[in-house]
Amino acid sequence: MLLPYLLSLTAHASPFKPMLRADLAASYWDEGAKVAAYPGVQKRLWGPDGSVLFGDTFLRIEGVAVLTPSYARLGPRVTFSPIAVFELSAHYLGSAYFGTFSSIKGFDDPDVVYTDDVVDAAVRGPGLGSVWGVEATLQGKVGPVIAATFGELKGWDVWPAERVQGDYWWEPESELLLSWHDNTWALNAVALYEHVFDEERGRKLYLGAMYSQSTGVDTGDRFARLGPMANIAFSDRWGLLILTQAYLDDRIYTQPLPPYIGLRLRHTWKPQG
């Protein structure tokens with residue numbers, strides 16, 4: 001009985017189709033502005049439309065190209081969703097750091113309290129590197145309530161210019177002090193209420209809260225934050241994320257308030273077909 005059922009699921013598989021996602025983001029976070037493009041192919045794996053567990057399964061193979069004022073990254077990513085509530089992705093990206101305001105700045109002490117004055121005084125320089133990552137996502141929706149958790153492990157390797165001194169550096173994407181060859185792990189959780197204004201045009205409002213935690217393995221640097229968030233989808237293409245989180249644990253911000261504030265404007269384009 002099981003084999004015929006599994007074969008019936010695969011009957012709904014489709015061939016790979018080309019796709020392109022492009023995002024333009026401007027944020028208060030340390031990366032600043034970001035332009036990202038994700039060209040690739042995606043195929044539906046199995047399961048009929050409307051199936052709770054198998055309706056949205058897919059395999060996606062794509063390139064990742066990211067540009068910020070601090071760095072550029074380029075490489076492949078594969079995302080696999082065997083059931084609708086679970087996704088697993090892996091990527092490997094080469095990196096180039098430009099030596100601008102937030103990269104690369106070295107430190108001798110893994111316990112340094114890297115306030116703005118300390119970071120500004122550090123010698124900065126360019127460098128090359130790579131980052132690999134594996135991310136697992138578990139998500140679900142009951143009525144208008146959406147919940148998701150994201151766990152990610154990353155490996156960082158960086159080769160800075162000779163003028164950059166020290167054994168540790170502050171990485172702008174992870175927002176952590178790391179060694180030149182380090183690992184990080186992160187956990188994020190969100191709970192949101194969805195209000196649909198116009199389903200056809202993609203006009204939606206998501207209100208809820210987000211918990212963020214990340215840790216550098218070699219240095220022990222970590223942060224933990226919790227607070228409300230709003231995600232406004234003006235259409236299928238445009239969206240605005242507003243995030244305000246109190247500091248629960250942070251080397252620099254030892255008090256919960258004033259909070260961490262982030263704004264991100266998103267534009268996504270998907271070709272038809």
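This briefing covers salt bridges and the surroundings of one glycine. The model is predicted. It contains 11 salt bridges.

**K141 and E194**
- A salt bridge joins K141 to E194, with 2.6 Å between the closest N and O atoms.
- K141 sits in strand 7 (residues 127-142) and E194 in strand 11 (residues 181-198), so the bridge ties together parts 53 residues apart in sequence.
- K141 is partly exposed, at 49% relative accessibility.
- E194 is buried, at 10%.

**E173 and K154**
- E173 pairs with K154 in a salt bridge, and their closest N and O atoms are 3.0 Å apart.
- E173 belongs to the loop between strand 9 (168-171) and strand 10 (176-179), while K154 belongs to strand 8 (residues 145-160), so the pair ties together parts 19 residues apart in sequence.
- The relative accessible area of E173 is 26%, which makes this residue partly exposed.
- K154 counts as buried, with 12% relative accessibility.

**R225 and E175**
- R225 and E175 form a salt bridge through their side chains, at 3.6 Å from N to O.
- This pair links distant parts of the chain, 50 residues apart.
- R225 lies in strand 13 (residues 222-233), and E175 lies in the loop between strand 9 and strand 10.
- R225 is buried, with a relative accessible area of 5%.
- E175 is buried too, with a relative accessible area of 17%.

**G216 and its surroundings**
- G216 is part of strand 12 (residues 203-216).
- G216 is buried, at 1% relative accessibility.
- The C-alpha atoms of G216 and L178 are 6.1 Å apart in space, although the two residues are 38 apart in sequence.
- L178 is also one of the contacts of G216 when neighbours within four places in sequence are left aside.
- On that basis, G216 also contacts L176, D182, N183, T184 and D221.

Note on methods: Residues are numbered from 1 along each chain as its sequence is written. This is a predicted model: local features need pLDDT of at least 70, side-chain atom pairs count only at pLDDT 80 or more; totals for chains, interfaces and linings use all residues. Side-chain values use heavy atoms; hydrogens and water are left out. A salt bridge is a side-chain nitrogen of Lys or Arg within 4 Å of a carboxyl oxygen of Asp or Glu. Helices (H or I, at least four residues) and strands (E, at least two) are DSSP runs, numbered from the N terminus. Buried means under 20% relative accessible area, exposed over 50%, partly exposed in between (1.4 Å probe, protein chains only). Contact means heavy atoms within 4.5 Å.
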